[in-house]
Each structure stands twice: as C-alpha cells, then as structure tokens.
Amino acid sequence: MLFRTGKVILATMLCATAMQCRQDNSSFDVDAEQELLQLLNQERLKNNLPPFKLNQQLQQAARAHAPQMAERHELSHQFPGEPALRKRLAATGLRSERDAENVAFNQDAVTAHEGLMHSPPHRANILNPNYDAAGIAAIRRGESLYVVEDFAQIVPGYSSSELEKNVAASVAHVRSSAHLGKLTQRKLPRLNELACAMAHQDKMDPAAALRLTDVRSAITYTTSQPARLPPNAATALRKDADASAFAVGGCFARTPRAPGGTYWIVLVTY
C-alpha cells in the first residue's frame with residue numbers, strides 16, 4: 001500500500017544502480033532513522049504498548065529496499081525482480097512469525113511519520129501489539145526523504161535443551177491446571193529427527209511417533225512460542241488422563257509456508 005504526502009522534489013543526482021545505493025551506507029540519513037524510531041516508540045508508549053527494539057536484520061532489509069525507491073522516485077513494497085517482503089526478511093537470517101512494512105516520503109522524518117500515522121493501514125502496523133522489533137531506513141534525494149519501516153514479531157532462538165525445557169514447562173502447567181498427575185519427562189532424541197522430517201516435508205505426521213515403543217499418543221504442531229501449548233495440544237494432554245510420562249522433540253526450520261521459520265514439535269505420552 002502506498003502513501004504520499006507533501007511536495008515531491010526529485011533528486012538531481014542518483015546512484016548508477018540500486019546495488020550501488022545499497023552498498024553505500026554513508027548515503028543513509030542515520031539521524032532521521034533514529035528520529036523515526038523514537039517517534040514510533042512514542043506512539044507505542046502513548047498506547048500502552050512495549051517499544052520496538054531496533055533489529056539489525058530488519059534494518060538490513062529496509063536499507064536494501066529504500067535506495068530502490070529513491071532511485072525510481074517511487075513508493076512500492078516490491079519492484080520488478082525483487083523478492084516479496086517475507087523472503088527479503090528471511091534472506092537476512094531473521095526468524096519471524098509476522099511482518100509488515102511501511103513506506104513513505106516527505107521533507108523530513110517528522111512529516112513522514114505524521115503522514116503514516118494519518119493512514120489507517122500504516123498506523124495499524126505501528127500500533128500492532130504483535131510486532132516487537134523494527135528496522136528503519138531513511139535516504140535523502142534532494143529535498144525528499146524516502147523512508148522504509150520494517151516490522152516483525154521475532155521468533156526467539158532456542159537450543160534443543162532450551163526448547164525441551166519450555167515445552168516441558170507448558171506440559172506441567174496444563175496438567176496442573178486440569179488437576180492431573182505430573183508426568184515424568186523422558187529423553188528421546190529420535191523425536192528431534194521426526195520433527196525435522198516433518199519440517200522437510202512441510203507436513204504434520206504423528207504416525208511415525210506413534211510407532212515408537214510404548215507410546216500412547218503423539219501430538220504434533222508448529223509454534224513460534226514453545227512455552228505456550230496450542231489449544232489442540234493442551235486439549236489432547238488433558239484427555240490423556242492416564243498418561244504417566246512424556247517426551248518431546250523439536251526442530252526449527254524455514255518452509256515455503258513459513259519462510260520466517262517456526263518450531264516443529266513432536267510431543268508423545270506414555
């Protein structure tokens with residue numbers, strides 16, 4: 001979605017190519033970028049939302065896109081030959097569940113921000129409670145400041161042991177809330193392999209886990225927040241009242257349906 005406001009004055013000099021613009025970090029207006037982040041977080045504070053954390057990968061993506069707008073004197077979220085936003089973010093190595101982008105140009109950071117806040121879709125991105133990180137690019141051409149604001153909900157990075165610990169805590173909480181007995185946790189590395197196999201196929205498949213020795217039930221799901229069981233998994237745990245033990249395996253992976261990455265989980269009971 002595009003947003004334009006104020007008088008546009010075309011730059012007298014341009015980079016020879018968009019790639020040259022992207023490689024020349026000195027062409028970015030760092031002061032304007034910092035001011036825009038401050039303005040964003042002031043809006044968040046006024047609406048009782050946590051501030052955005054500046055994310056270098058988001059900024060990398062924003063700074064790759066902004067020079068193309070400045071070179072073309074045009075606002076767009078995707079130019080010919082350029083990947084869509086989610087793929088651009090994934091290419092930086094960013095782990096994200098949700099994402100969005102604002103683009104604008106005006107005379108300075110304040111007027112660009114005011115224009116975005118008066119545009120309902122852009123305002124909604126700025127005040128979206130799901131987003132916790134931002135990356136901002138601001139590049140000047142003549143008297144015009146071109147702005148890209150990239151937002152995302154970051155997927156935290158966990159080791160295998162940290163992942164198991166988070167899922168185990170959520171299992172204990174569900175069982176306790178249902179007044180069911182505590183389950184003993186078993187170690188079963190094979191479940192990590194099964195989780196990665198599901199991710200490779202981009203498809204849920206509890207059948208392989210059900211074939212393992214003594215397994216009563218198998219629950220498979222994806223999540224960006226391993227400390228929270230999805231409703232269907234919590235319901236399955238409550239229904240399996242006679243279970244005495246559990247094991248969990250997980251695998252972080254990017255798939256065509258989740259280019260930002262997600263955790264694939266296999267949870268079994270005994």
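## Arg88 and its neighbours

Let's start with one side chain: Arg88 reaches out to the backbone oxygen of Pro83 at 3.3 Å. That's a polar contact, meaning a pair of N or O atoms within 3.5 Å; within protein, one must be able to donate a hydrogen and the other to accept it, and residues adjacent in sequence count only if both atoms are side-chain atoms. A polar atom of the Arg88 side chain also lies 2.9 Å from the backbone oxygen of His77.

Arg88 sits in helix H4, residues 85–91. Helices (H or I, at least four residues) and strands (E, at least two) are DSSP runs, numbered from the N terminus. Buried or exposed, what does Arg88 count as? It counts as buried, at 9% relative accessibility. Here buried means under 20% relative accessible area, exposed means over 50%, and partly exposed is in between (1.4 Å probe, protein chains only). Leaving out residues up to four places away in sequence, Arg88 touches Ala61, His65, His77, Glu82, Pro83 and Glu101, where a contact means heavy atoms within 4.5 Å.

## What kind of model this is

This is a predicted model, in which local features need pLDDT of at least 70, side-chain atom pairs count only at pLDDT 80 or more, and totals for chains, interfaces and linings use all residues. Residues are numbered from 1 along each chain as its sequence is written, and side-chain values use heavy atoms, with hydrogens and water left out.

The protein's mean pLDDT (the predictor's confidence in each residue, from 0 to 100) is 90, and 90% of its residues reach 70 or more. Residues 1–23 are another story: pLDDT stays under 50 there, and the model has 56 contacts beyond four places in sequence for that stretch. Where pLDDT is low, the predicted coordinates should not be read in detail.

## The overall picture

The protein has 10 helices and eight strands. Its C-alpha trace spans about 75 × 40 × 25 Å along the principal axes. Of its 270 residues, 51% are buried. If you take the contacts with a separation of 6 or more, 73% come from residues 24 or more positions apart.

## Helix H7 and what follows

H7 runs over residues 160–177, has 18 residues and reaches 26 Å from its first C-alpha to its last, close to the 26 Å expected at 1.5 Å a residue. That expected span is 1.5 Å times one less than the number of residues. The buried residues of H7 include Leu163, Val167, Val171 and Val174, but also Glu164 and Arg175. Among the elements that cover them are helix H8 (190–201), helix H10 (231–239), strand S7 (245–255) and strand S8 (258–269).

After H7 comes His179, in the loop between H7 and S5. His179 has a positive phi of about 60 degrees although it is not a glycine, and it is exposed, with a relative accessible area of 75%. Asp214 also has a positive phi without being a glycine, near 70 degrees. Asp214 is found in the loop between helix H9 (207–210) and S6 and is exposed at 59% relative accessible area.

## Rings and charges

How many aromatic pairs turn up in a search of the whole structure? There are five. Rings of Phe, Tyr and Trp (its six-membered ring) pair if their centres lie within 6.5 Å; planes under 30 degrees apart count as stacked, over 60 as edge-to-face and the rest as tilted. One of the pairs is Tyr131 with Phe151: the centres are 6.3 Å apart and the planes are at 15 degrees, so this pair is stacked. Tyr131 lies in the loop between helix H6 (120–126) and strand S3 (133–141) and Phe151 in strand S4 (residues 144–154), so the pair ties together parts 20 residues apart in sequence. Both residues are buried.

Ring pairs also link Phe52, Tyr131 and Phe151 into a cluster. Arg44 lies over the face of Phe52, 4.1 Å from the ring centre, and Arg72 lies over the face of Phe79 at 4.4 Å. To count as sitting over a ring, NZ of Lys or CZ of Arg has to be within 6 Å of the ring centre and within 35 degrees of the ring normal.

## Gly249 in strand S7

Gly249 belongs to strand S7 and is buried, with a relative accessible area of 1%. Setting aside residues up to four places away in sequence, Gly249 touches Leu191, Asn192, Ala195, Trp264, Ile265 and Val266.
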